[in-house]
Amino acid sequence: MHPPLGQLFIYVLALVAVAVLADSLVISLERGNRLALQRDAEVVNLNALNREIVQHMDVGVFVLDRQNRVILSNPIARTLSGYRLWTSAPVDLDLVQPRLATALQQPAQGDSEMMITLGGRDPTLQDSAQTLLVRNIALPRSPYRLLLFRDASALRAREREAQLAALGRLAANIAHEIRNPLSVIRHAGNLLGERVETPDSRHLFEILERETVRINAIVESVLEMARPSPAHSEPIPLANWLPVLIAELQADPLLASMTIVIWEISAQLRVYADPAQLRQVFWNLLHNSAQYGVAEDATVRVEIETVRADKETVMVTLRDFGSGLQPEVMERIFEPFFTTNSQGTGLGLSMVRELLRINGGHIDCENHPQGGVLFRIFLPCWCLEGEE
């Protein structure tokens, strides 16, 4: 029996249709596989990009899982946490930073911010505790949560710098407007005082003269701090220069009774700075010690030590043996117009910081563990060829 030609034709058409559909299905599958591979590559690249962004963020980042383990972190967060044994494996937050783990156990509704004070990293130094501003972010429909870290002290320092910059500009404008009428008042007072012969009246004019001189000194200090002259830096051999400077400064009656000890300085040690501005720095620091660094026996002793901090920096330390500073005073000690002395201007230490900044250096301050205050001055080192 032979099937009809029409039926054979239908079979052939069916086979051709199946072949075409199968080929189309294979092409669709291949296209889908290529798209899936492309999508997988994009996800991998996006994941790598996200990790790279996290690593270079200017805030610390921790990603925690449900077991409160750190599964992702960036260098800033690792530094701020103080934990040193990082590996590629997840680490319990209790091990990384116990105080942070304890703070996160407190219930919070949604996102929250908290201030956490960590212990000082160097137990030999006082007032070295670090405060972190931590933001806890819940990730919806995710088993993870995000912690963002900022150094609260650095944030406060930047805010103070912005406020002080604005205050400095305002003070400079006011000082400029005060200086001219103040000179007129002083001159008029001198002329009027020459016509007065009674002792009581002459005493009043002496007070007027003294106070106008004091106000003028404050005005000049404000103007100098607001518009300091540029540094004319040169190599300064500290072994020879510093003892001569201290001897000159002790001609000042306020510093004459002060005991100043200069520890041995290497003859090769030189800094690159403006001698006149560096002289002003030491003058201000020694005057500050004379006022606030008085020991229990009513004596004032200052020790000066100079060492090489690194290949490019020299560190000069000045230590007094007074009662030290309270934390709230230490935090504001370099602010303009901040003083605990009713007769002071609060400009000496702020001028020190500004002069050092002009010379490429900086200063910090802390209480010495054995008593007194320790100022550290950092200045650029001048090295001859071949010196280390």
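Reader: Which residues of helix 7 are called buried, and what makes them so?

Author: In this predicted model, the buried residues of helix 7 are Leu-238, Trp-241, Leu-242, Leu-245, Ile-246 and Leu-249, where buried means under 20% relative accessible area, exposed over 50%, and partly exposed in between, with a 1.4 Å probe and protein chains only. Local features need pLDDT of at least 70 and side-chain atom pairs count only at pLDDT 80 or more, while totals for chains, interfaces and linings use all residues. Residues are numbered from 1 along each chain as its sequence is written, and side-chain values use heavy atoms, with hydrogens and water left out.

Reader: How do you know on which side of helix 7 the buried residues lie?

Author: The buried residues of helix 7 cover an arc of only 125° around the axis, taken from the directions from the axis to the C-beta atoms, and therefore lie on the same side of helix 7. On the other side, Asn-240 and Ala-247 are exposed.

Reader: Why is Cys-365 called buried?

Author: Its relative accessibility is 15%, and the limit for buried is under 20%, so Cys-365 counts as buried. Cys-381, with a relative accessible area of 16%, is buried by that rule.

Reader: How many disulfides does a search of the whole structure find?

Author: The search finds zero disulfides, a disulfide being a pair of cysteine sulfur atoms within 2.5 Å.

Key: Helices (H or I, at least four residues) and strands (E, at least two) are DSSP runs, numbered from the N terminus.
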